[in-house]
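Hi everyone, thanks for coming. I'd like to walk you through one structure today, so please have a look at the display before I start.

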Amino acid sequence: MAGTLLVAAALLLGLWGAWRSFAPQPANAREQLQAQARRIAVLEQRNATLALADRISREANASLQATLAERDEEIAALRADVAFYERFAGSAQRRGLGVHALVLQPQRDPQLWHFTATLTQNINRGAVNTGHLQLQVEVSDGRRLRRLEWPALAAPAATAGIPYAFKYFQQVEGDLVLPRGSKPVRVVVRLLPEGGAPLEQAFPWAAVVAPAQADG
């Protein structure tokens, strides 16, 4: 029995040695492992690059869509303005010098406001209207109204008013600074044409204030 076991053990040992001798072995297992590791690193880097490019592309596309939407709104507004001015210039109804529209835009400083006044006339066709524009603001202290004159609202260089010169229409822009704590109620546009009497046109403050724009 012992002899049989020894023969069987010797046979198994011989078979294992033969398998080790003749079984296929990689030429260099370490080099293959290193090559596979490098290949994995390259593929991971490529995947990360593609993911980043995809994210950038999506963000750029979203920004482009927003820009296109803004341009569409701007074009629509400009077309509406052009249509109005074409009708105005060709209108049979004659209108003297006046303020067609006034817009006040709040700035970062709560005391600072930017204004845009649209001036029009179609009585003196072809004649150039020249003069200066000033704003006055009526404020309330809770008991009474008082009017703030333009020199108290304007920058020192613009105390004479904002100049204008046009045939049919012009948008005149400028800035004004309200005293701290003021509660504006009305704004008065005062036109000082050269060679003519001053003209005044009043607007409720709330009706001409544009919504504040959020930071982009």
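**Starting from one threonine**

Let me begin with Thr 159, which counts as partly exposed because its relative accessibility is 35%. On this scale, buried means under 20% relative accessible area, exposed means over 50%, and partly exposed is in between, with a 1.4 Å probe and protein chains only. A quick word on ground rules: this is a predicted model, where local features need pLDDT of at least 70 and side-chain atom pairs count only at pLDDT 80 or more, while totals for chains, interfaces and linings use all residues. Residues are numbered from 1 along each chain as its sequence is written, and side-chain values use heavy atoms, with hydrogens and water left out.

Back to our threonine. Thr 159 sits in the loop between helix H3 (150-153) and strand S5 (162-166). By helices I mean DSSP runs of H or I with at least four residues, and by strands runs of E with at least two, both numbered from the N terminus. What does Thr 159 touch, once neighbours within four places in sequence are set aside? Its contacts are Gln 134, Trp 150 and Pro 151, where contact means heavy atoms within 4.5 Å. Gln 134 is 25 residues away from Thr 159 in sequence, and the C-alpha to C-alpha distance between them is 8.4 Å. The side chain of Thr 159 also has a polar atom 3.5 Å from the backbone oxygen of Pro 156.

Now let's zoom out to the chain. There are 4 helices and 8 strands, and along the sequence they follow the pattern α-α-β-β-β-β-α-β-β-β-β-α. Of the 216 residues, 24% are buried. Among contacts with a separation of 6 or more, 65% are between residues 24 or more positions apart. The accessible surface, from the Shrake-Rupley method with a 1.4 Å probe (for residues, only the protein chains shown count as cover), is about 15100 Å², and carbon and sulfur atoms hold 58% of that.

Next, the sheet. In what order do the strands of the open sheet come? The order is S1-S2-S6, 3 strands with antiparallel pairing. Strand S1 (98-106) and strand S6 (169-177) are the edges, each pairing on one side only. From one strand to the next, the twist averages 20°; here axes are lines fitted to C-alpha atoms, for helices over the stretch in contact, and angles run from 0 to 180 degrees between N-to-C directions. As a reminder, strands of a sheet pair through backbone hydrogen bonds, either parallel or antiparallel. Two strands are called paired if DSSP finds at least two bridges between them.

How many bridges join S1 to S2? There are 8, with the two strands running antiparallel, and a hairpin links S1 to S2 through 5 residues. S2 is mostly covered, as 8 of its 9 residues are buried.

That takes us to the rings. Phe, Tyr and Trp rings (for Trp, the six-membered one) pair if their centres lie within 6.5 Å; planes under 30 degrees apart count as stacked, over 60 as edge-to-face, and the rest as tilted. The count by this rule is 3 aromatic pairs. In one of them, Trp 113 and Trp 205 have ring centres 5.0 Å apart and planes at 80°, so the pair is edge-to-face. Trp 113 is in strand S2 (residues 112-120) and Trp 205 in helix H4 (residues 205-208), so the pair ties together parts 92 residues apart in sequence. Trp 113 is buried at 10% relative accessibility, and Trp 205 is buried at 8%. Another pair is Tyr 164 with Phe 166: centres 5.8 Å apart and planes at 50°, so it counts as tilted. Tyr 164 is buried at 3%, and Phe 166 is buried at 4%.

One last stop: is Glu 138 buried or exposed? Glu 138 is buried, because its relative accessible area is 9%. Its place is in strand S3 (residues 129-140). The side chains of Glu 138 and Arg 147 make a polar contact of 3.0 Å. That term means a pair of N or O atoms within 3.5 Å; within protein, one must be able to donate a hydrogen and the other to accept it, and residues adjacent in sequence count only if both atoms are side-chain atoms. Leaving out residues up to four places away in sequence, Glu 138 touches several others, including Leu 145, Lys 183 and Val 188.

Thanks, everyone!
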